Amino acid sequence: MSLPLCPYIRRAWYNILHPGEVIHNRVIYDYELVFIKKGSGHITINDQLYTAEAGDLFLFRPKQQHAIYVSPSEELIQPHIHFDLQYYENREIVPVSYESMETMTPEQLTYFREDIIDQFFSPFPSYFHPHNGVYIEQLIFDIIHAVDNPRPFNDVYLQYAFLRLWEQVLLEASYTSRDYVKKENTPMLIKQFIEQNDSRALTMDEIANALHFSKSYIARIFQET
């Protein structure tokens with residue numbers, strides 16, 4: 001990644017969508033990271049249909065058309081964050097968009113951020129199911145709490161908190177990308193999961209279930225490393 005990062009949290013909140021609710025096709029100026037905490041539904045991104053279930057993570061990019069369709073039988077709890085990755089002078093005045101490209105004014109069309117995601121690696125997934133979703137959820141809630149309860153030098157803390165989250169998103173996305181899914185990454189993934197949950201005892205079953213590997217395979221990795 002050659003471009004300098006200067007993250008800015010535009011909005012972060014704990015959002016609940018009602019059963020059957022629809023967020024119709026729209027495009028956003030910035031990036032949005034959505035974690036599905038509870039519930040289910042469907043999400044379209046540039047006409048690609050995804051099933052959204054608890055533990056899933058979605059990334060919406062600038063100018064990327066998307067829509068959310070909540071299951072008619074249950075609410076969808078989706079803490080999420082709108083953010084910039086680079087510095088923009090107008091960062092404080094750019095709103096969150098709920099419109100389609102066709103309905104935007106000439107001024108609104110100037111708000112779009114440059115999409116630099118593919119400079120991390122490509123293809124960068126729009127959807128994945130994190131191996132360590134509990135940790136990602138915790139990081140997202142740290143940011144939401146800091147936005148709702150500002151502290152001294154809160155902008156500095158938010159940048160720090162977001163970079164921790166973004167590092168984890170990059171790792172998880174790299175495991176999902178077909179160019180990065182390799183068995184040699186498994187020991188690092190196991191080590192990371194244990195370190196992030198070192199405040200409690202972990203069972204082999206829990207590690208295997210969290211990382212979507214068989215228990216026998218996890219045991220063999222332990223023996224080999």
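This is a predicted model: local features need pLDDT of at least 70, side-chain atom pairs count only at pLDDT 80 or more; totals for chains, interfaces and linings use all residues.
Strands here are DSSP runs marked E of at least two residues, and helices are runs marked H or I of at least four, both numbered from the N terminus.

S1 pairs with strand S10 (residues 80-84) in the antiparallel sense, over five bridges; strands count as paired if DSSP finds at least two bridges between them. Within this pairing, Ala 12 has Ile 81 of S10 as its bridge partner.

## Helix H1

Helix H1 covers residues 133-148, and its 16 residues reach 22 Å from the first C-alpha to the last, close to the expected 22 Å, which is 1.5 Å times one less than the number of residues. The buried residues of H1 include Ile 136, Leu 139, Ile 140, Ile 143 and Ile 144. An α-helix has 3.6 residues a turn, so residues three or four places apart point the same way.

## The whole chain

The protein chain has five helices and eleven strands. Its radius of gyration is 18 Å, close to the 17 Å that the globule rule gives for 225 residues, so the chain is as compact as a globular protein of that length; the radius is taken over C-alpha atoms, and the rule is 2.2 Å times the number of residues to the power 0.38. Buried residues make up 49% of the 225 residues.

## Basis of the values

Residues are numbered from 1 along each chain as its sequence is written.

Terms used
Side-chain values use heavy atoms; hydrogens and water are left out. Buried means under 20% relative accessible area, exposed over 50%, partly exposed in between (1.4 Å probe, protein chains only).
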